Amino acid sequence: MQYLDIARLDAAPLGKDPCVHVHVPGFVRAGVLSEITRDYPDIRERDNLHPEELAYGAAFRGLLEELRAEELRSAFERKFGLDLRQNPLQITARKYVDETDSGLHNDSRTKVVTVLMYFNEHWEHAGGKLRLTRNEQDFEDYSVE
């Protein structure tokens, strides 16, 4: 795969607190990160949008193809010990969030696996980080940030 490093996914430890998860730094290969960022859709609203609704360049198109690939689905099946063949794949893109977005919540109960990919080359801000919290009431009770 040109854009995604499945060996990093395979090597990443499986976490279990507060839920089964995996954190894969470098999953998007560093050498192509700037290309994907350059070719990312010019999204101006704060919403999850389907790629079919967007215009984007070749590198982002290549990333989408890899996200839809059998090889990647198989890698997630191995990592989580699941059979995902009967589950639909849903891909959305987003560019902006603010303090009114998301908040403290569990992801959809109908999703079997959720994959979040961030394309920031550096993140030096105190806020704006994903936390895996142990409950839906206490943002400070988290195991992973």
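Is Phe76 buried or exposed in this structure? Phe76 is buried, with a relative accessible area of 10%, where buried denotes under 20% relative accessible area, exposed over 50% and partly exposed the range in between (1.4 Å probe, protein chains only). The model is predicted, so that local features require pLDDT of at least 70 and side-chain atom pairs count only at pLDDT 80 or more, while totals for chains, interfaces and linings use all residues. Residues are numbered from 1 along each chain as its sequence is written, and side-chain values use heavy atoms, with hydrogens and water left out.

Helices and strands were assigned as DSSP runs numbered from the N terminus (helices: H or I, at least four residues; strands: E, at least two). In helix H2, which spans residues 30–39, the buried residues are Val32, Leu33, Ile36 and Asp39. These residues line one face of the helix, because they fall within an arc of 140° when H2 is seen down its axis; the arc is taken from the directions from the helix axis to the C-beta atoms. Ala30 and Arg38, on the other side of H2, are exposed. The buried residues of H2 pack against helix H3 (58–67), contact being defined as heavy atoms within 4.5 Å. In H4, the buried residues are Leu72, Ala75, Phe76, Glu77 and Lys79, and they pack against H1 and H3.

Aromatic pairs were identified among rings of Phe, Tyr and Trp (its six-membered ring) with centres within 6.5 Å; planes under 30 degrees apart count as stacked, over 60 as edge-to-face and the rest as tilted. The count by this rule comes to 5 aromatic pairs. The pair of Phe27 and Phe76 is edge-to-face, because the ring centres are 6.4 Å apart and the planes stand at 80°. This pair links distant parts of the chain, with Phe27 in the loop between H1 and H2 and Phe76 in helix H4 (residues 70–80), 49 residues apart. Phe27 is likewise buried, at 9% relative accessibility. Tyr40 and Phe60 also form an edge-to-face pair, at 5.0 Å centre to centre and 75° between the planes. Here Tyr40 lies in the loop between H2 and H3 and Phe60 in helix H3, 20 residues apart. Tyr40 counts as buried at 16% relative accessibility, and Phe60 at 4%. One aromatic cluster is formed by Tyr40, Tyr56, Phe60 and Phe119.

Side chains of opposite charge can pair when their charged atoms come close. With a salt bridge defined as a side-chain nitrogen of Lys or Arg within 4 Å of a carboxyl oxygen of Asp or Glu, the count comes to 13 salt bridges. Asp10 and Arg78 meet in one of them, at 3.2 Å from N to O. Since Asp10 lies in helix H1 and Arg78 in helix H4, the pair ties together parts that are 68 residues apart in sequence. A further salt bridge joins Asp17 and Arg134, whose closest N and O atoms are 2.7 Å apart. Asp17 is in the loop between H1 and H2 and Arg134 in the loop between S1 and strand S2 (142–144), so this pair ties together parts that are 117 residues apart in sequence. Both partners are partly exposed, Asp17 at 36% relative accessibility and Arg134 at 40%.
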